[in-house]
Amino acid sequence: MYEEGTRVRMTKGYRGAEGAIIGRSESRFGFYVVELENGIRIVVGSSAFDIICR
């Protein structure tokens, strides 16, 4: 599980876009809420991004 504030780079969907994890969904599947630098907030699984730094 990743912590809030962890910087990520999207590998699927919004490929190449950077952002930060701002929360975790209550889903049993482990989805994260990520806010991209352009202001869009998306819900993604951990396979949709790479960690930039912690």
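**Close-up views of a predicted model**

Arg7 is partly exposed, with 26% relative accessible area (buried means under 20%, exposed over 50%, partly exposed in between, with a 1.4 Å probe and protein chains only). The model is predicted: local features need pLDDT of at least 70, side-chain atom pairs count only at pLDDT 80 or more, and totals for chains, interfaces and linings use all residues. Residues are numbered from 1 along each chain as its sequence is written, and side-chain values use heavy atoms, leaving out hydrogens and water.

**View 1**
Strand 1 covers residues 7–10 (strands are DSSP runs of E, at least two residues, numbered from the N terminus). Val8 and Met10 form its covered face, Arg7 and Arg9 its uncovered one. Strand 1 pairs with strand 2 (residues 18–24) in the antiparallel sense, over three bridges (pairing takes at least two DSSP bridges between two strands). Val8 stands opposite Gly19 in strand 2. Strand 5 (residues 49–53) also runs antiparallel to strand 1, joined by four bridges. There, Asp50 is the bridge partner of Arg9.

**View 2. A network of salt bridges.**
Arg7, Arg9, Glu18 and Glu37 are linked in this network (a salt bridge is a side-chain nitrogen of Lys or Arg within 4 Å of a carboxyl oxygen of Asp or Glu). The closest N and O atoms of Glu18 and Arg7 are 3.7 Å apart. That pair links strand 2 to strand 1, 11 residues apart in the chain. Glu18 also bridges to Arg9, at 2.9 Å. Glu37 reaches Arg7 at 3.0 Å. Glu37 sits in the loop between strand 3 and strand 4, 30 residues from Arg7. Glu37 counts as exposed because its relative accessibility is 56%. Arg9, at 38%, is partly exposed.

**View 3. The largest nonpolar core.**
This core has 10 residues: Val8, Met10, Ile21, Tyr32, Val34, Leu36, Ile42, Val44, Ala48 and Phe49 (a nonpolar core is a set of buried Ala, Val, Leu, Ile, Met, Phe, Trp, Tyr and Cys residues joined through side-chain atoms within 4.5 Å). Strand 3 (32–36), strand 1 and strand 4 each supply at least two of its residues. Strand 3 gives the most, three. In soluble globular proteins, nonpolar side chains tend to be buried together.
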